[in-house]
Amino acid sequence: SGYLITGIVWTELAAGRFTLTTFYQRRILRILPAYYLVLAASFLVAALVLMPVEFDAFSMSARASVLFAANFWFAQRIDYFDQASEQDHLLHLWSLAVEEQFYVIFPLLLMLLIRFAGPSARKALLLVLVLGAASLVASIAMAVLAPRAGFFMPHTRAFELMIGALLAIS
């Protein structure tokens with residue numbers, strides 16, 4: 001995702017034809033139909049097969065997922081590697097939430113870079129490298145200090161998307 005989306009954004013920015021509106025429209029049209037279909041189908045099945053207490057927990061996860069905030073929800077409630085996490089049917093949606101949060105901010109950073117520094121691939125690579133390194137350091141620190149938060153938060157997972165971004169810009 002970091003490679004593909006950054007490649008598209010960077011190419012359009014460098015050519016002077018990137019707009020946030022078009023970018024977000026494409027993201028919405030690509031992601032939301034399938035995403036909400038999965039949520040709706042999961043909700044229907046959950047309503048039929050889960051016990052009331054389990055369905056309440058599922059519903060709360062679904063609400064957070066609808067808003068692409070599942071990672072924040074799960075960071076407060078789930079240890080991803082705990083066996084009990086297998087019982088949360090929407091746990092896998094945390095990573096899509098992180099990705100969408102990243103793409104709310106990252107194109108803005110690239111736009112600011114081009115506006116103030118011009119379409120310099122060298123400067124973009126430096127920006128991505130610095131942000132990616134900061135994210136990796138935060139991830140390592142959080143793995144010790146607050147492992148759950150470190151696992152689910154966008155700033156500690158951004159380095160993974162930044163690796164693809166580095167490849168796309170170089």
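Biologist: How far apart are the mean positions of the positive and negative charges of the protein?

Modeller: The mean positions of the 11 positive and 10 negative charges lie 17 Å apart, where Lys and Arg count as positive, Asp and Glu as negative, and His and the chain ends are not counted; each charge is placed at NZ of Lys, CZ of Arg, CG of Asp or CD of Glu. This is a predicted model, in which local features need pLDDT of at least 70 and side-chain atom pairs count only at pLDDT 80 or more, while totals for chains, interfaces and linings use all residues. Residues are numbered from 1 along each chain as its sequence is written, and side-chain values use heavy atoms, with hydrogens and water left out.

Biologist: What makes the secondary structure of the protein come to 8 helices and 0 strands?

Modeller: Helices are DSSP runs of H or I with at least four residues, and strands are runs of E with at least two, numbered from the N terminus; the protein has 8 helices and 0 strands, and the pattern along its sequence is therefore α-α-α-α-α-α-α-α.

Biologist: Why is L4 called partly exposed?

Modeller: L4, which lies in helix α1, has a relative accessible area of 48%, and because buried means under 20%, exposed over 50% and partly exposed in between (1.4 Å probe, protein chains only), L4 is partly exposed. Buried residues make up 41% of the 170 residues in the protein.

Biologist: How do you know what share of the contacts joins residues 24 or more positions apart?

Modeller: With contact meaning heavy atoms within 4.5 Å, such residues account for 68% of the contacts with a separation of 6 or more.
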